[in-house]
Amino acid sequence: MKLNYTKSLRKMEDILKIWGRRYLTLYGKVTVLNTFVISQLVYLLSVLPSPSKAMLTQIEKMIFDFVWCNKPDKVKRGVMKLSKYDGGMSIPDIGIKNDSLKIAWVQRIMKGNNSWNIMIQKYVPVNLDILWHLNVNLADMTIMIARMPNQFMKEVLMGWSRYNFHNPTNIHKIRNQVIWFNSHVRVDNCTIFLRALYAANIMYVHQFFDERGDILSLPNFQLKYGIQINFLTYYSVLSAIPQRWKVEIKEHHTIVDVPFIHMPLSNLERKDHVCKVVYGDLIQQAYGGTIATGFRKWNDWLPGGLQMEVWQYGFRIMYTTLQYTKTLLVQFKILHFITATRAKLFLWDIVDDDLCSFCNEAIETLPHLLIECEAVKLFWNDLKHWLFLKSGILFQPTVSEIIIGFQNPDLMFNAVYLLAKRYLCRCSTAQEFPSIRIFKIFLKDFLTVEENIALKNNKLNTFINIWDTIWPYQD
Ligand SMILES: [Zn+2]
């Protein structure tokens, strides 16, 4: 088994070496990773027990060395793993990929009467229909299936419990918790399972309460379900139900029970491509709360700060405005505050000084390059007037809107500002003074190419819809 992984690891290394020699943008690299590299492993991960932690770490290192050309990371890994609309690049997380491939098996097991079913049933004390409803955490699941000999199936169940375990937050979730093997319901720090009650179809927390939300007394409980149970046992079960749940059930006692299925299980029951769905959920769970450094820097710099949603909205705007990867990459770098300005290049010993090549007066930081420089202010002003002449709309974006993008039904405005930012970065690299005249040539080249592409793809109408206010232009 280890041999299998070592073999495909070597293959991955070779592929990365070959692609590493070519010039690829970040977007190109992501495509290579997801189509040629990870695919080497996917099959093995979905049929074999997981590779060692050391191997997973090694793969992660290979991936990020490739992404950043063997240099230090510029954006936090967690952020890079998020989807592009959340500010990331969908860089694969191999550990989570592994988990989601294992969890996807639960769907296959649930769907059929197969040998896996029979094998699992031998080692878990509850019916498989109930098994997937248990709210059991990883530690308790590990104890429950300790005797199971098949390592692969063990990992499937452990992955499942990690994905599915939750703290029930609303009354429906609380009332419908399966009480058995529930990691929130503990006696002597262990989960509970009473075979006799289970056999009498007593499964859910709400079955221990009456219609007023009060706990059933022992005689009433015995009467209602027609079974005998020891006084001490009964009260130890009751005392194990969390106090918060009891309060909620009492408070909402008039509520009408609705059949309730926790999200992970409903995903597995209803969705196709379940591995992808699970992967997305687990990535969100693991990294969704990561504060990107780029956000923090813009938040510090902008007078009045910046809201996280606005920063994230910037990604949505750019991806819905343009498909042109080089321009998108410029904006991606701006939002993440990693543009190679002269201040940065100087720090890396690539240029002799860090002064702005436009004004030669101030250090060329990213805010200087985009906003503060007098030459750039002039450029934005010229652009504004030119757009006004063309469209009849006097559009005056705020500083934050210039950086992030803006809510404007007219795609053309966002697109022009995105291209203008790319133009400014280009001027800085070429040490040329930004001018509206040169920018119009730049824009003209871009639009000529775009028009041809649109023509080829039968999308001329879309092209005209976006650009007809300024294109074709005479001056
Ligand atoms: Zn300057």
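**Briefing: core, domains and selected residues**

Asn414 is found in helix H25. The model is a predicted one. Asn414 is buried, as 21 other C-beta atoms lie within 10 Å. The chain is divided into three stretches: domain 1 (2-92), domain 2 (167-261) and domain 3 (293-467).

**Asn414 and its surroundings**

- Leaving aside neighbours within four places in sequence, Asn414 is in contact with Ile317, Thr321, Gly405, Phe406 and Asn408.
- Glu374 lies 40 residues from Asn414 along the chain, and the C-alpha atoms of the two are separated by 22 Å.
- Asn414 counts as buried because the cut-off is 20 or more other C-beta atoms within 10 Å, and Asn414 has 21.

**Nonpolar core**

- The largest nonpolar core has 94 residues.
- The residues with the most contacts inside the core are Val106, Val278, Val376, Ala420 and Leu424.
- Leu424 touches Leu369, Leu370, Val376 and Pro434, with residues up to four places away in sequence not counted.

**Helix H17**

- Helix H17 runs over residues 274-287 and has 14 residues.
- From its first C-alpha to its last, H17 reaches 20 Å, close to the 20 Å expected at 1.5 Å a residue.
- Buried residues in H17 are Val274, Cys275, Val278, Tyr279, Leu282 and Ile283.
- Seen down the axis of H17, these buried residues fall within an arc of 165°, so they line one face of the helix.
- An α-helix has 3.6 residues a turn, so residues three or four places apart point the same way.
- The partners against which the buried residues of H17 pack are helix H5 (77-81), helix H6 (94-111), helix H10 (151-164) and helix H16 (263-270).

**Domains 1 and 3**

- The C-alpha centres of domain 1 and domain 3 lie 30 Å apart.
- Their contact takes 10 residues from domain 1 and 11 residues from domain 3.
- On the domain 1 side, the residues that touch domain 3 comprise four nonpolar, two polar and four charged.

**Backbone features**

- Trp471 and Pro472 are joined by a cis peptide bond, with omega about -5°.
- Pro472 sits in the segment after helix H27 (460-467).
- Asn201, a residue other than glycine, has a positive phi near 70°.
- Asn201 is placed in the loop between helix H12 (195-199) and helix H13 (218-225), and is exposed, with 10 other C-beta atoms within 10 Å.
- Asn360 likewise has a positive phi, near 55°.
- The loop that holds Asn360 runs between helix H21 (342-347) and helix H22 (366-372).
- Asn360 is exposed, with 10 other C-beta atoms within 10 Å.

**Leu128**

- Leu128 is placed in helix H8 (residues 128-131).
- With 14 other C-beta atoms within 10 Å, Leu128 is partly exposed.
- Leu128 touches Asn117, Ile120 and Gln121, not counting residues up to four places away in sequence.
- Thr191 is 63 residues from Leu128 in sequence and 18 Å from Leu128 in space, C-alpha to C-alpha.

Key:
Residues are numbered from 1 along each chain as its sequence is written. This is a predicted model: local features need pLDDT of at least 70, side-chain atom pairs count only at pLDDT 80 or more; totals for chains, interfaces and linings use all residues. A nonpolar core is a set of buried Ala, Val, Leu, Ile, Met, Phe, Trp, Tyr and Cys residues joined through C-beta atoms within 7 Å. A residue is buried if 20 or more other C-beta atoms lie within 10 Å of its own, exposed if 12 or fewer, and partly exposed in between; C-beta atoms are placed from the backbone. Two residues are in contact if their C-beta atoms, placed from the backbone, lie within 7 Å. Domain bounds come from an automatic or database domain assignment. Ala, Val, Leu, Ile, Met, Phe, Trp, Tyr, Cys and Pro count as nonpolar, Asp, Glu, Lys and Arg as charged, and the others, Gly among them, as polar. Helices (H or I, at least four residues) and strands (E, at least two) are DSSP runs, numbered from the N terminus. The expected span of a helix is 1.5 Å times one less than its number of residues. The arc is that of the directions from the helix axis to the C-beta atoms.
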